[in-house]
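Subject: Structure handover

Dear colleague,

I am passing on the structure below, together with some notes on what was found in it. Please read the notes with the structure open beside them.

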Amino acid sequence: MFDPQNPPEFSASAWLNAPEPRPLKSLKGRVVVLTAFQTHCPGSVKHGLPQAQRVAQGFSEDEVAVIGLNTAFEEKEQQTPEALQAFIAEHGLSFTIAKDTVNGGDMTETMAAYEIQGTPTTLIFDRQGRLRRHYLGRVDDIRLAAEVMAFCMEAPNAPVEQSMAVERRLAAALTDPDAHEHAHDGGCCGGHHNHSHDHDHDKGGCCGGH
């Protein structure tokens, strides 16, 4: 059973925009924002990846690590490492991109391990490496930035009580008035089911739906 307190390591067959692999364990002490995407997915291109780029530009890399995860579970033959490199250049993506390992099944390895239902999906890990958010589809910029900032303010060894207090403050402060208004805006791939370790959003339409 998936345990967000001890999430699995990323399984990547290639790393782009990085001099060396960036496993999750190497990023402890920083907040990690991971965006799972496909190059043909409208929601990924319109919402997920531009938002990841904004996060990468808006936060110090010493505090927040941004990872793009190419989960090629559809149109695999069109998402080769070479095609992915061209896509990165075309869209001006400066953050680290990992190509998820294709194992012959319906889902790629990290996608299956994290029970990702479609693309785009956003995962947020705290400084201790715990998975704090799992969003399928479009996430509001203000909500995402507020949550990332709140996790940045937690100590690297914050006790559970401090994290719970942060969650209570986030729940009290943040609203989501357009959750239903934009439920199908942007053409995601998949998204017949979605889940979260705190909040559920199915915004932007999705690719997949396993």
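**The aromatic cluster**

One aromatic cluster is formed by F2, F10, Y114 and F125. This is a predicted model, in which local features need pLDDT of at least 70 and side-chain atom pairs count only at pLDDT 80 or more, while totals for chains, interfaces and linings use all residues. Residues are numbered from 1 along each chain as its sequence is written, and side-chain values use heavy atoms, with hydrogens and water left out.

A search of the whole structure finds five aromatic pairs (rings of Phe, Tyr and Trp, the last by its six-membered ring, with centres within 6.5 Å; planes under 30 degrees apart count as stacked, over 60 as edge-to-face and the rest as tilted). F10 and Y114 form a tilted pair, at 6.4 Å centre to centre and with 40° between the planes. Because F10 lies in the segment before strand 1 (12-16) and Y114 in the loop between helix 3 (109-113) and strand 5, this pair ties together parts that are 104 residues apart in sequence; helices (H or I, at least four residues) and strands (E, at least two) are DSSP runs, numbered from the N terminus.

Y114 is buried at 1% relative accessibility, where buried means under 20% relative accessible area, exposed over 50% and partly exposed in between (1.4 Å probe, protein chains only). The rings of Y114 and F125 have centres 6.0 Å apart and planes at 90°, so the pair is edge-to-face. F125, which lies in strand 6, is buried at 0% relative accessibility, and F10 is buried at 9%.
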